[in-house]
Amino acid sequence: MAVHPKKQHGQLTIVIKLGTSSIVDEKTHQPLLSILSLIVETAVKLHQDGHRVVLVSSGAIGVGLRRMDLDKRPKHLPKVQALAAIGQSRLMSLWDQLFDHMRQPIAQILLTRNDIADRTQYQNAQNTFFELLHMGVIPIVNENDTLAVTEIKFGDNDTLSAITAGMVQADYLFLMTDVDCLYDKNPRTNPDAKAIQVVEDIAELEADVSSAGSALGTGGMSTKIVAARLAISAGVTTIITKSSKPGNITGIIQYAEAQKAARNSSRNSVVNFQDDGVPITQTAATSHGVSTPSTFTPQETPARTPSPQLDMEHPPLHTRFLPISHPIRDRWFWILHGLAPHGTIYIDEGAHHAVKDKAGLLPIGIVDVEGHFAQQEAIRLVVVKRLPSNPRPHGHQSPITTPTTPSRTPHHPPLNHSNSYSHATPVSYELHNPPPLEIGRAIVNYSSNEVKRIQGVHSTQIHDILGYADSEYVALRENIAFFGLEKSRPSTPSFGRSASEYGDAQ
């Protein structure tokens, strides 16, 4: 079990993610010592102010290219992994030298998705983070590119940083990039592009994401928005800002904490009444065009008093994603984001309501099964509407309608369900009105072949069909996790319909 030490009053946990383009020059692969030195100064200053800091650092392959005098990143995976092995040790040596000038101890943590797929290993990683932070050490996290292959990669360090922020229950995640903030248009080609300062509902975000990342890195602006979706679902305020100005991090935190304190003070203020008895609701003031969201719930960490030299009317330029009101944490966060789904189980609306009411998933509510998964592996949970011609069977096994195409892998962009799958036999659920909706993830008690055989039957028939019955439930309630209550959903692609149309997920 992970041990979560209590924070001191006013203490924040801050995760700072640096991409390869912020660490080495894209052409010469020389380390950008000026930026790295400023990052070190900022991290140490935050630590001296009593905060806990975690760095997520890319750059191992870029540093490896420099060491081996190679011009560009190779395409052959073993060569890339070899360069990562060469570069990672030199990268950590560079970080250690810079932090040593400030007498600040650091630690290296290398992760792949496999490392946190097991619940015990996930908790061990959490405990390591918490102990390092308690000891006053700054952990530096990177994906273990030497070992990682496609099946066990996080995909990019933006996603890794968001998962790290969820693991350490961070207050802030900073995604450092080559632009000051998000814009509604590409500012390089549109002089009238407007900065997006606060994102209250990421589902309604309309921003330019044309930046595809550097030639050395794997991420771009779109991956940062995906990472922001994941982080805010865990209750982490996520900020995009310019990596060449790391000193702005302190000012942005002070500004954001002051904004939270103002909103909190407004909610706790006494309501005044006009002469006619109509209450006057006091609201937090807006500044610099930043609106105050009415549904925002401050995090538990108390705000620090902003420094007197900070211009609260003109904070450093950045885009701030506000976290959802009901964060997904601990075991539920691990099920949703620590595990890679191996298939999909389609359930009807009755089963959806039952599991929302804290019941386990029974086979009678299962409409279809897709993919190949084993016992105790994670699957996507998708709710569908049964067709009238295919009512829920009572004591009889329903026909198996397995899609002929393989299941989607995580982190793909949203797909239209009707265009994504073709079926060998007619499906038993509605494809368009309403379309299927992914509501969460589950760890199953039966394999895909076993679930196909028992779908649509009563639990009392499992033994007769399989010859054994490990559980009456296909998935226990404690092994089912739903996406958040807000419109802003985690990074997993949906099938194009909001959860509110079925009722709030939880």
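1. Asp330 is partly exposed, at a relative accessible area of 34%; buried means under 20%, exposed over 50% and partly exposed in between, with a 1.4 Å probe and protein chains only. Asp330 lies in helix α9, and its phi is near 55°, a positive value in a residue other than glycine. Helices are DSSP runs of H or I with at least four residues, strands are runs of E with at least two, and both are numbered from the N terminus.

2. The model is predicted: local features need pLDDT of at least 70, side-chain atom pairs count only at pLDDT 80 or more, and totals for chains, interfaces and linings use all residues. Residues are numbered from 1 along each chain as its sequence is written, and side-chain values use heavy atoms, with hydrogens and water left out.

3. Lys358 also deserves a check. Its phi is positive, about 80°, although Lys358 is not a glycine. The residue sits in the loop between α10 (349-356) and β14 (366-371) and counts as exposed at 54% relative accessibility. Most residues other than glycine have a negative phi.

4. Helix α7 (residues 221-233) has 13 residues and spans 19 Å from first C-alpha to last, close to the expected 18 Å; the expected span is 1.5 Å times one less than the number of residues. Of the 13 residues of α7, 10 are buried, among them Met221, Lys224 and Ile232. Just after α7, Gly235 has a positive phi of about 85°.

5. The largest nonpolar core holds 49 residues, of which Val15, Val141, Leu173 and Phe321 touch the most other members. Such a core is a set of buried Ala, Val, Leu, Ile, Met, Phe, Trp, Tyr and Cys residues joined through side-chain atoms within 4.5 Å. Its largest share, 7 residues, comes from α7. A second, separate core of 33 residues includes Leu36, Ala43, Ile106 and Phe174.

6. Val141 touches, among others, Val54, Ile109, Phe129 and Leu160, leaving aside residues up to four places away in sequence; contact means heavy atoms within 4.5 Å.

7. The axes of α2 (residues 60-67) and α3 (residues 77-100) come within 6 Å and cross at roughly 90°. Axes are lines fitted to C-alpha atoms, for helices over the stretch in contact, and angles run from 0 to 180 degrees between N-to-C directions. The pair is therefore roughly perpendicular, a label for angles of 65 to 115 degrees. Residues in the contact include Ile61 and Leu65 of α2 and Leu83 and Ile86 of α3.

Methods:
Parallel < 35°, antiparallel > 145°, perpendicular 65-115°, else oblique.
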